[in-house]
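I'm opening my notebook on this one.

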Amino acid sequence: MSRYLTPSKVALLCLIAIYTEGVVSNSSAIHVLSFLISCLIPLDAAESSSSSSSKWERQGLIDIADFEDVLSSHASSIPGRSIWDLFLRKIWSLDSCDALEVFFAEISSLLMKTREEQIQDRNNGLAPETGSMRLSRCSPLGAFVRRAQLEFTRLQFHDSVKLWRGFVRYRLPTYHLWARKHPSEEQAAVDINLLELGLDQSSHLAQAIYGNVEDDYGDENAISTKDVERLLEFQVGELQRLGGRVPDEMRSKLEQVLASGATIPSLVHYLRFLDAWKAGDYPSSFDNLHRYFDYTMQSHDRSFYQYALLNLAVLQSDFGCYGEAVSAMQEAVSIARESHDMNCLNFCMSWLYHFGKAFPEHMKDVQNTGMLGNEKEGLVFLKAKAKETEMWSLLSTTLLSEAKLELQNGESLASALENVVRASHLNVTKGLTSSTGPQLLLQTALYARIGVTHLSWLSTEIFRECYGSRAPLEDYLKSTFRNCQLLAQKGRYKEALARINQISPDTLRSLKANQHWVFFSGFLQLKWQINRDDKVAAEHLLTQLQSIQVPDNDLSLLLVFLTIEYVIRSGDYGRALKLLEKSVQAMQPETFDVNSQVKLLCLKARIFEKSGQPQRGFSLAMRAANIAYRSRLLPGLWEAITVLAGVLLSLREFEATNEMVESIMPQVLEFEDCDLAARAYSLLVDANMGMAGTLRRQTKADSPACKEYMTRAMGYADCAYDQYEQLEDIRGQCEIMAKKATLMHLTADRVLANDYAAKYLDLRKQANLIR
Amino acid sequence: MAVNFTEENIRELRFRLEDAAIKSSERCLYQSAKWAAEMLDSLIPLNDYDTDPDSPMDITETPAGPQNPYLAVQDPLEASLESKEAYKYLLAKSYFDTREYDRCAAVFLPPTISPISLSTTSPNPKSRHSLTPQKGKTKAPQFTAGKDGSVTRNPYPKLSQKSLFLALYAKYLAGEKRKDEETEMVLGPADGGMTVNRELPDLARGLDGWFTERDEQGLADRGQGWLEYLYGVILLKGRNEAEAKKWLIRSVHLNPFHWGAWQELNDLLASTEDLKQIVDDLPQNIMTLIFHVHCSQELYQATEDTYQSLSELETIFPTSAFLKTQKALLYYHSKDFEEASHIFTDILISSPHRLDSLDHYSNILYVMGARPQLAFIAQVATATDKFRPETCCVVGNYYSLKSEHEKAVMYFRRALTLDRNFLSAWTLMGHEYIEMKNTHAAIESYRRAVDVNRKDYRAWYGLGQAYEVLDMSFYALFYYQRAAALRPYDPKMWQAVGSCYAKMGRIEQSIKALKRALVAGSYYAEDASQIGGAGRKILDPETLHQIATLYERLGDEEEAAAYMELTLQQETGHVAPEDDYTSSDNENDDEQSNAGTETKGRSRRGQQSFGTSNEEEEEPMYGTGVTATTSKARLWLARWALRHGDLERADQLAGELCQDGVEVEEAKALMRDVRARREGG
């Protein structure tokens, strides 16, 4: 593998030479130049991402056909000739190894003369040239020409011969085209010297030099080390940014490239490390990481030790060796401090902070050393440092972390929002696409917490539409999950599942991402199956989900809630209570979230209600409502109120229940949670019925007021039924249907009552069928 | 040495060559084996049992052919010894093949054979080799020859000659290897050319003892020639040339088909006289003929005789690349580059992987200025093996032609690292250093070249040039004379000698040398006419003008004028020149004369002067036309005529000058002067 020069670069030089000859017409000059530039200028990874694949491929491997595509449609200023014709003439004018050497020797004449040369010319009495076009030495083209010449001078003879052979092979496809256009000129397909000796390609001598030119195999010259390095850098950048894996196609290409060259950049070991890491191949990722360190030791010595440790720590934690990870990270922190590498230090701190959030039990050591102080202090420290060193993405994520912390602790909503807005401002002004994902995610959560579901929905949609393709895979998955959760809340399971299945398995080649995806889609299905009362499926899914150890507190809590819900539905209240107690005990002050607290309290109250002792849940519901109210956790508040309403019902406080539930009904509907709405409606039915009942008992007769209550109850029952139907919640539907039948029976409408009873039986049958 | 070979002779030759190839490779003399095998392959086919090679029947028929009578060991004593040592020999050979020389030697030789050397040190204290620069260490006097009278005993155990040769040769190579390792970098501090092979003294003493013992036993004529050859080589390395010659001649008598011995013998001969001296001592067979041709080629004797012998040989070995190379080199020496390059091209086409002598081909292409072809050859060589000294030389030459001298030097150095004794690389590196104005390095390179082969006139000439650059004319003169002695018919050499004398103020000698150059030049003109068709004897106007100016310096104006006239005459070459020739040739001639005025540039690589040398060889047939030199002569003559009152002639000459458009101002002034005198007188 050559260091820099490749046959395609020689072809580019030919094109530049044609351009400087001034035969490119004005109309096509821009086209030719932009083609050249797209081939020469290294694209910034961030800029290129939009059209990365197509542009990037062009970088290293410009096929001769690419030249034809670009050039053949453009006319030169010579009549009747396209630039492609001129280009062909140029590349075929290099008819021997010597011609190539001469070409490179003379290539500096394309450049503007240096000051020294100009002075020398003047001293020698030569007039400065005016006619021909010359490239400025520092222009992109000029720099490329100079670089190419320098690299050629560095080549040893056999290397330049290799380049020549590569070039012969490279241009060979155009031979027939060229020979057809210039039948008069005697042209050798390979080397003019062979022609002069009267030998053809099959002669012994030609075979000795060129081997078999036609066969494509062993085209080791097409890519230079520089190209490979750039390719690897790009790949590593992509992997780090997106967190995916190297696509199969690319991987085989890389293998092929690397197999052809003796000088492999050490970066390839890093790439392999990343790939193995994402693939979950623990031993080989370790192996490759250490191999990379060993190979780079020579050039970088200790200067990257902290980064090595950082990588190591991240790797360790990903594989569950948390203790090791923490100690490696601590070492990294101290090295970074020692060497005043603020970037690394900040990154380490930030990582430690997040790690501490996820695994507080492993942070004892760190806490003891007082490295980060408590959470708040840590955040303040990070914020200050990030501002100091102008690490905007760190600052943005820190602000988000702060907002998240405030939300979790149920503190001021305003300040949380303020932090989000500040982060958003940073993201926009500094163009931080990478931290937009977390920001939108947090926004989603925030809106969900204050019960504005449509805004929450909007945030996930914005992310999906605008940032999805460029965001790290993890963010994308999470956001999609939120999105689907919202859909599922409204009972649109099919849509949700379709959406989550849209994520192509190609992107899920990373082990972690795959696990997440499996968890998310499993979770959604489980929810659906629970509602459909399909116990077999639900049981099956549940065991599967529980076996996936997702290292994320929020997600495991979600699963716990769902499990409890399921257990409640199957009527095993004792077990439900036990599960609940267990999860309460597992809660730690570091990961404490008001949301889950409220949820747990409500669940407990509901279990009491279901198990026939609703009054025991009163204080629980009151506490939940209180907490939710204080921390503006509105969905929680509505939930608590519905539970409370249930308690009041059992105390025969129909009036109060009705009033309370009716007052929250608009907000509940706004929240777009069918389950909650259905329960609220069902409560209203009961309350109205209760009121009608008391009225009847007092008056002993069917008063119009009583009738009105009944009608209202009927209306509410219809609403509740609709909500349950949307959710496909068969149990709920049955319950409502039963209530309706009873209602009709009480109003003495036998026919309708019969009707509803038949419907109820149908539903039961359907449910049994599922079962 | 008449050669009319019968079929019987050919068959015998075939057997002999086969025998030589097998035995040489048995003794690990790879190059000789290769040579013999190549020659064997190129031998004309025999009619009787040489059936169609493609026919499958051939395989079954081959064993039916007569057995090679030479393959069997003739001497019963040797045969029994060899069969006794067969296994040990195999062991030793395999060690040799894996380049474990010491181990190979140890198979047959006892670890210490020093006792004998201890006894001989004291009686023989004087060093006989003033030629070898010795290191300050005390060392046993080396290479005692038998006639010293000192008694040396055979230190070796009783072995067959084959095994003994292998063991001693391995020892010798081990020494060479160590020597190479000690020298380290090319032209580095340790590479002064004075590191020696430390095994040589022991080997020389031992072999001496061995041979004396054989003599005493009356077995002297039962040698096989191999050990004699080795002894010769060892003596040669110790610069004991007379003895070496003796032993080598003995070796070729005993074993005439061993090419290595001939080659060593060739290296010993410094001049044609030497060759003539030993010719009578040589055996009369075909190998002697080949040797003679090779020698003549190496000594630049591109004479009719040599060509004659060569073509005779070619009838026997029609496809021999070796002979073709010799022929090409002969053409090269007689400056027929086209023909030489043709032959080389043929060789290249028939065997593209052959790298031998490719460096010579690259020299030819260099002289012809054929850069694309040179690049092509370099490509071919690189494709075969990029780490062969020949390849490096070709590539170096290519870079040199491209004026990339640093790279060229790098490649020549590489060639030398691969083989210290690669002659042409030393010389070529010297040339490069001259180009890079590193005169001291150039001198050292040339010196090493000369040390390797004293017949390389280019190196001698280069040394002269280098010293001329340093203004050390005495040294330069010495080296130019050496070069001139090697190439007595090369005018360049004599011109260099002449100009050197002129610089030293020894004008008479200078004139003599320049006249010699004139004669030599005319000799070549004649010589060229034999090959190239009708030619004319023409004298180099340059030299003539130089002689004239020298006479002027001596104050001998008559002579000077005469030579100036001669110079003028060369314009026409005694024939009225056709106009188009004069006009078209003008450019080249100007270049030539420019080059000629600074002899340094001109004589690079002996003959080429920046690529115009071809024309130089061809043009004299038509006269030179008007050149700067002849114009100078004309101006001088005009002035001289004016001074001597020959106004007519002065006017005529000045008019001609005006016509030619050279030195017009001067000429016009002269004409005015003439007119003034005419009017005045």
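Which residues in α9(B) meet which residues in α10(B)? I looked up the contacts (heavy atoms within 4.5 Å). On the α9(B) side I found Leu200(B), Leu203(B), Ala204(B), Leu207(B), Asp208(B), Trp210(B) and Phe211(B), and they meet Leu227(B), Glu228(B), Leu230(B), Tyr231(B), Ile234(B) and Lys237(B) in α10(B).

Ground rules I noted: this is a predicted model, where local features need pLDDT of at least 70 and side-chain atom pairs count only at pLDDT 80 or more, while totals for chains, interfaces and linings use all residues. Residues are numbered from 1 along each chain as its sequence is written, chains are lettered from A and ligands numbered from 1 in the order in which they are written, and side-chain values use heavy atoms, leaving out hydrogens and water.

Next I checked the angle. The axes of α9(B) and α10(B) come within 10 Å and cross at roughly 140 degrees. That makes α9(B) oblique to α10(B) (under 35 degrees is roughly parallel, over 145 roughly antiparallel, 65 to 115 roughly perpendicular, and the rest oblique).

Then I moved on to α11(B), residues 241-254. This helix has 14 residues and reaches 20 Å from its first C-alpha to its last, close to the 20 Å expected at 1.5 Å a residue. I found several buried residues (under 20% relative accessible area, 1.4 Å probe, protein chains only), among them Trp247(B), Leu248(B) and Ile249(B). The buried residues of α11(B) pack against α9, α10, α12 and α13 of chain B.

Technical notes: Helix = DSSP H or I, 4+ residues; strand = E, 2+ residues; numbered from the N terminus. Expected span 1.5 Å × (residues − 1). Buried < 20%, exposed > 50% of the residue type's maximum accessible area, 1.4 Å probe, protein only. Axes fitted to C-alpha atoms, helices over the stretch in contact; angles between N-to-C directions.
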